[in-house]
Amino acid sequence: MSSTPTRERRCELLAAAAHEEIVPLAERLLADGALPEPTVLKSPETGMVVLQVREPVEETRFYLGEVLVTECSVEVAGVPGWCMRPGDDRVAALSGALLDALAAAGGPATAEIDALCAAVAERHASQDAAEWADVTATTVVFEELT
Amino acid sequence: MGYSGVRGGQEAIAAAERLARRDRLGGTSRWLELDQVTGRLGLAVDRVMGEAGLWAPELAARAIRQSRGDLLEAAQLLRAHRSTLPRLAYSSPVPAVALRPVRRIAPAYRNPPGGQVLGATDDYTPRILDLTDEDTARATAPPPRRPATAGAPVVAPDPTVPPVGLPPAGLLADRRDPADPDPFDITRAPARPGVPRSARLTAMARAETGSLTHLWYLVTQAPRNAQPEIPLELRRGHLPLRIEHPFTGSPVTVAGVRVSEARTVRPDARPHPDGSRFDIGYGLCLGDNEAKALAMAGLDLLVHRDKTTNRLEQRVLTALDGPELAGYLEHLKLPHYVDFRSIVDRLRALQAPDPEEGL
């Protein structure tokens, strides 16, 4: 059984999940009646987040650029849910917010949402590890010719 | 210069657009999928996102397809689209140490802590056009990276691969600014000489790559800049986009970008104000674009050193923006015949014999 992630961690994993992972689950929970009638507090909106960087020379901040994201807020049985994801997939952002609210409410679907989050976390850790294994294989020690 | 409006030729313009559309989408070639552009032309996608100032790989791929591979035009399209989008939030400031590297080389050091991690690079491969026949090239294409086997121990990326240290203490002027001023937003106010360094860094991060690297090359070759420039470190990697969670206020990572980063030093050959130390410059840009990061670091250093004039700062702030220069070039193709006719009239008047001459 998957452990329940923190609220922030759950949002990170729902943001990193694929459309095919979260949209069918949210649709099924809605169709099953497991979701009380949700209220959309903020419709999915595509916009930008300014990426602010602290550079190392003066240790001051500058704006590197902006990142395309889609944000959505909902409320399910009085419990708010929120999602911000990279890209412009509004359906996925709405689904993420619904799943966040449902998991925060602690209903019967929580275990399923936790399992989805665990699968996303494992996949990303595995991908990062595979990338890192490839990268470390290119580590070189230069020798000086004397 | 004034401009006169013109009208007419709507049918001809529509026909010209149809021709351009046919060049773009017609013909017998297969439909170009967006994932082919992002997957096979990744450096072009990165370059367009960097110059547009917006991390949006799919939209950048659309722009490249629409512009038929004209990256300057693609950056213009993406920058224009960017201007239609609302700003939803500002990220928490992310420090350079948060970068998860996939490549790190340190030209100033032989064996830095963590090693020289070459990553994916053709730096040590002869630059020879690959003439392998298509069937062989397809057959020998490497497979996609496979995730680690399920259940196998996961080796997390090593966060201890540190950014290479600065030169030994005392050899680099301490430029830390404890005031931590708010960054200058060049998208909301014009950046002109005298703006804070944060404006220059943003302007260079969004600069047209060719213009930036050319300016760096031009300036770095000048006799007054003869001291050697040596990169301390060049990195590529992943940078998280973190914002405050709207309910808890705690940081939450909602997305990530890939970046290229460079730090470079030059000794200061002049005895004053302090010829016994290095100057340092910093470069950071969206995507895999090492040339841009290196040139940005070099120019950051040289502008800092150029304290007596603002000539280089002015060029950095005003001459490197791709959509700006492309827009100016494009406008030259629009009708100018009213201006031209008035200049012709003026020149004829100047050349006409003076009626009072010979009286």
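Me: What makes two strands a pair?
Reply: Two strands pair if DSSP finds at least two bridges between them. This is a predicted model, where local features need pLDDT of at least 70, side-chain atom pairs count only at pLDDT 80 or more, and totals for chains, interfaces and linings use all residues. Residues are numbered from 1 along each chain as its sequence is written, and chains are lettered from A in the order in which they are written.

Me: How do you know that β1(A) and β2(B) pair?
Reply: They share 3 bridges, in the parallel sense. The cut-off is at least two bridges, so they pair. Strands here are DSSP runs of E, at least two residues; helices are runs of H or I, at least four.

Me: Why are α2(A) and α3(A) called oblique?
Reply: Their axes, lines fitted to C-alpha atoms over the stretch in contact, cross at roughly 60 degrees and come within 9 Å. Under 35 degrees is roughly parallel, over 145 roughly antiparallel, 65 to 115 roughly perpendicular, and the rest oblique. The two helices are therefore oblique.

Me: What is the class make-up of the contact of α2(A) with α3(A)?
Reply: The contact has 10 nonpolar, 3 polar and no charged residues. Ala, Val, Leu, Ile, Met, Phe, Trp, Tyr, Cys and Pro count as nonpolar; Asp, Glu, Lys and Arg as charged; the others, Gly among them, as polar.

Me: How many residues does each chain give to the contact between chains A and B?
Reply: Chain A gives 56 and chain B 63. Residues are in contact if their C-beta atoms, placed from the backbone, lie within 7 Å. On the side of chain A, α4(A) gives the largest share, 13 residues.

Methods. Two residues are in contact if their C-beta atoms, placed from the backbone, lie within 7 Å. Axes are lines fitted to C-alpha atoms, for helices over the stretch in contact, and angles run from 0 to 180 degrees between N-to-C directions.
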